[in-house]
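Visitor: I have a model open and a few quick questions. Can we go through it together?

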Amino acid sequence: MPNKLVVVKHNVNYPSFSQWAAHHAGTAQDQCQRLKSVRAIMSSQCVKNLPGVIGLFCIREEDKDAFLPGYLSQDFAPNTDVDEKTYEIDLDLGYGGGIAMRKSSMMICELALQIPYEEWKQVFMETHKQLYLDISKAFVCPTGEKSLFLCVLFDRERLLEVQRQHDVTKPSMFKQFVEDGIVKEIEYIDWHSQVPIAFDYYNKSGPTQHLKIIGKVNDPLLAKMIAACEFLKLHQETFSYSQDSLIESEFLVAVAELVQKFEGKARDHLRMHAGGPLVLCNGEYVGCIREFEKWASEMYEYQDKTPDSLYAGRARKSLASYMQSRSAECDFVFMDVAFRDGETEKEVKPRIIIELYKTIAPKAVQNFKSMCEGAYRGSKFHRVVTRGWVQGGAVGNESIFGGTFEDESFAVKHRGAGDLGMSNTGPHSNVCQFYISLEKLSWLDGKNVVFGRVVDGLKAVKFVGKAQVQPWNQKPLLDHYIADCGLFRDAQSLSKKPLLQKQEEAKESQAAQGGGEGAGGEAEV
């Protein structure tokens with residue numbers, strides 16, 4: 001990784017700097033991009049040396065001597081002194097890539113500090129976006145325990161505002177730094193209104209690479225991909241992306257559509273994929289997480305060393321945000337489905353989260369919510385139709401309204417696995433039994449009311465759907481029952497770490513038992 005910032009000032013053999021820049025902008029960039037040791041370059045007019053150039057290069061120390069002679073041969077005026085300084089880079093910030101850099105003004109300065117450099121760096125990280133409006137690049141290089149060299153590129157439309165913030169004779173941020181005992185003085189400062197030559201090696205040239213990411217909203221791997229794409233979007237002018245963060249049932253529909261769209265190896269890979277997020281590049285299929293990481297490494301030398309636990313937390317927050325965004329239209333319930341694991345022979349209780357369309361079928365939703373608060377708890381999935389649906393809720397012959405209630409709406413069609421509908425024996429005969437689809441059940445459209453869908457936990461539903469059944473009544477040979485169910489009191493609780501969730505649930509359970517209440521009602525996850 002290049003770790004030196006070389007600052008070079010020199011006259012040019014042209015009538016003006018602008019003529020030299022127009023002639024050499026592409027040449028300088030091409031030369032630097034051929035040398036991976038040159039990480040970034042910024043060139044501007046040297047105010048004190050007209051016509052002259054100030055060039056800043058992020059480069060490895062051992063490559064400096066090999067690079068500079070070639071750069072200085074580009075029509076620089078002969079027999080003039082070269083002012084060259086080299087700094088050790090400690091902090092390298094980038095926002096927006098080379099396109100933003102070429103729309104920037106540049107400030108370079110040397111500061112004397114009243115506090116240790118490490119403390120100042122923390123202040124800079126907290127204030128740099130406020131101080132340097134629309135910043136695109138910054139290099140921070142300590143030159144002593146309480147001194148540093150600073151180079152910052154920012155939107156040229158903000159030049160006057162940024163200059164005012166450095167005027168220590170008037171109210172400004174830098175005057176406040178001096179009064180607060182942070183900065184001792186600005187020893188040297190130079191302003192450059194335009195930076196016509198600017199690029200970052202990590203900003204690859206060539207055609208734009210547009211990625212489309214399709215994944216489940218609560219998938220940590222999707223969160224990992226999004227983090228990578230956000231980083232590349234900031235640093236790569238040839239990169240853009242879009243994302244489809246879908247709930248599980250929608251994701252399966254999207255995968256099925258891609259299977260029909262692609263052919264050959266892409267179709268085979270899609271058919272065999274394990275459920276993780278998918279990536280398309282410029283409309284062509286790339287693959288899943290492994291193929292994406294390989295692509296990002298080869299194209300942009302990107303590597304992610306962030307702990308996976310961080311992405312798990314982001315995935316939980318994404319699901320919580322989804323639920324909050326739907327709260328005006330939907331209510332949410334959970335079901336913990338208990339069954340015996342075939343490999344470990346232990347009872348497991350995976351959680352299913354269901355959204356209910358309260359604005360479309362309010363009576364069906366109200367009935368289902370009430371049943372989740374009590375009647376459904378402990379009931380079994382009494383019927384499994386292979387490649388059709390799983391059916392539960394056989395807890396009586398009456399709804400909460402007494403007897404049956406009408407079919408409210410057939411507006412929602414069956415779209416695939418995860419649809420929640422009312423079981424019936426004919427028109428307007430809804431009571432308490434429900435089903436969750438395993439596949440698209442188009443032939444039930446107009447016959448059964450769809451009033452919700454699974455947003456998380458579809459894997460558990462499909463596990464129940466694979467149960468062996470008695471052929472004459474489709475009853476599972478082994479019990480699969482609802483160990484617990486209820487309403488969500490706070491979707492934001494999903495963003496908490498699992499251990500913290502369990503601790504809070506245990507406290508709530510103890511409090512409920514101490515108050516003499518049963519185990520019903522609302523629950524947090």
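Visitor: Is C109 buried or exposed?
Guide: C109 counts as buried, at 1% relative accessibility. Buried means under 20% relative accessible area, exposed over 50%, and partly exposed in between, with a 1.4 Å probe and protein chains only. This is a predicted model: local features need pLDDT of at least 70, side-chain atom pairs count only at pLDDT 80 or more, and totals for chains, interfaces and linings use all residues. Residues are numbered from 1 along each chain as its sequence is written, and side-chain values use heavy atoms, with hydrogens and water left out.

Visitor: And what does C229 count as?
Guide: Buried, at 0% relative accessibility.

Visitor: How many disulfides are there?
Guide: The count is zero. A disulfide here is a pair of cysteine sulfur atoms within 2.5 Å. For C109, the nearest cysteine sulfur is that of C151, 9.2 Å away.

Visitor: New topic. What is the strand order in the open sheet?
Guide: The five strands run β5-β7-β8-β6-β9, with antiparallel pairing. Strands (E, at least two residues) and helices (H or I, at least four) are DSSP runs, numbered from the N terminus. Two strands pair if DSSP finds at least two bridges between them.

Visitor: Which strands are at the edges?
Guide: β5 (91-94) and β9 (183-192), each pairing on one side only.

Visitor: How many bridges join β6 and β8?
Guide: Nine, linking residues 104-113 with residues 147-155 in the antiparallel sense. S105 sits opposite F154 in β8.

Visitor: Which helix packs on the sheet?
Guide: Helix α4 (residues 117-131), which touches β5, β6, β7 (135-144), β8 and β9. Contact means heavy atoms within 4.5 Å.

Terms used: Axes fitted to C-alpha atoms, helices over the stretch in contact; angles between N-to-C directions.
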